[in-house]
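Here is a friendly walk through one model, with an eye on helix packing, charged pairs and a few residue neighbourhoods. Please have the structure open as you read.

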Amino acid sequence: MVAMLSQRLTVTAAIEKLGADDPNLVTCDLANNAVLQLKTTEYVPKLAEALMANTKCRELILSGCGIDDASCEHLSKVIAHNSTLTSLNLEGNRCGNDGATELAKALATNRALIILNLLNQKCSRFGDSTLAAFTEAFDTNITLLKIVWRLESRQSFRLNKMLVRNNEIDRRIANRKDYSDLLPKGVSLIDAALVQPRSEASSGAPPALLSHNSGCRLRNAPPPPSSAPDAAQAPTAKSGWAPTAKSVVAPLAAPCKDAPPPNPAALAASRLRSTDSASSIGGRAAAAAATWPPPKPPSPRQPSPSMTPVPAQPPAPNRPVAPPASAQPP
């Protein structure tokens, strides 16, 4: 199996490998290349010519390389003729509305590109003219799934609707379901030769490249060894592996040497209290169960109409107390 490698090469080496259709060059990364920034008009046409006949490169990264509208015209030819490239990164360049329109015209006949990155373009903003060009391209394009950019238009919901349609088509292709009802008028189904590369590009890494650290495990593969010393593995008929836990019995604590011996009389009294407490609790529970539901409390006694309340007597006034005879003056 050919390894999918991302190589940082010089512009000249990248053009040579792309022209030779090198199977090891799956991702061509020329981000922030100083030579390409200085000689954009010289190397971009050569790079585009090498990519037009390439069948191995799936991702082209040209972020921060000084790509302008004239360079976008050359790259649009790659999009129109190349059937392998699935991702094009043009972030941080100088693409304007004219360059984006050229790319949109090429996308009308493209059946391979999935992701297009046009974010952070210097000294330019994409407006209604760019939106109209991409909307027209989506009348026949059913494969582009994501556009990374900043679009200043109130009609952007029209483009989002078409992107949702393409993603639904891609989902049905992955699930091997019919998607003919989603196709625009006059658009045919995707060729079987292009379905497999699209599935690998949209799903990311193949299952053979997944590791235990990522939280995924290959089917029918043994689980990683456990770090616990008491863990054991026992084979089963279904999967071949099953964890088996060991029961651990804690030893009884040894009596303290300095503790006094237990008093037999105190132990007997404690057991008797426990028995009496359990019996009393059980008796109360049995009595509560026998009298359930509890009886209704008696209603308060109502006074008879013939009975009239007796008014309370006011307290007697305080009268002066006469002094004793011995205390009276002669």
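## Charged pairs and their surroundings

Arg125 counts as exposed, at 61% relative accessibility; exposed means over 50% relative accessible area, buried under 20%, and partly exposed in between, using a 1.4 Å probe and protein chains only. Before going further, please note that this is a predicted model, in which local features need pLDDT of at least 70 and side-chain atom pairs count only at pLDDT 80 or more, while totals for chains, interfaces and linings use all residues. Residues are numbered from 1 along each chain as its sequence is written, and side-chain values use heavy atoms, with hydrogens and water left out.

Arg125 has a charged partner in Glu152: the two form a salt bridge, with their closest N and O atoms 3.8 Å apart. This pair links distant parts of the chain, 27 residues apart, with Glu152 in the loop between β6 (146–148) and α7 (156–174) and Arg125 in the loop between β5 (115–117) and α6 (128–137). Helices (H or I, at least four residues) and strands (E, at least two) are DSSP runs, numbered from the N terminus. Glu152 is partly exposed, with 37% relative accessibility.

A salt bridge here is a side-chain nitrogen of Lys or Arg within 4 Å of a carboxyl oxygen of Asp or Glu.

| Asp22 | Lys17 | 3.2 Å |

Helix α3 covers residues 40–52, so 13 residues by the DSSP definition of a helix. From first C-alpha to last, α3 reaches 18 Å, close to the expected 18 Å, where the expected span is 1.5 Å times one less than the number of residues.

Which residues of α3 are buried? They are Thr40, Tyr43, Val44, Leu47, Ala48, Ala50 and Leu51. These residues lie on the same side of α3 because they cover an arc of only 160 degrees around the axis, taken from the directions from the helix axis to the C-beta atoms. An α-helix has 3.6 residues a turn, so residues three or four places apart point the same way. On the other side of α3, Thr41 and Glu49 are exposed.

The buried residues of α3 pack against α1 (11–19), α2 (34–38), β3 (59–61) and α4 (69–81), with contact meaning heavy atoms within 4.5 Å.

## Two residue neighbourhoods

Leu36 lies in helix α2 and is buried, with a relative accessible area of 1%. Leaving aside residues up to four places away in sequence, Leu36 touches Val11, Leu30, Tyr43, Val44, Leu62 and Cys65.

Ser153 sits in the loop between β6 and α7 and is buried at 14% relative accessibility.
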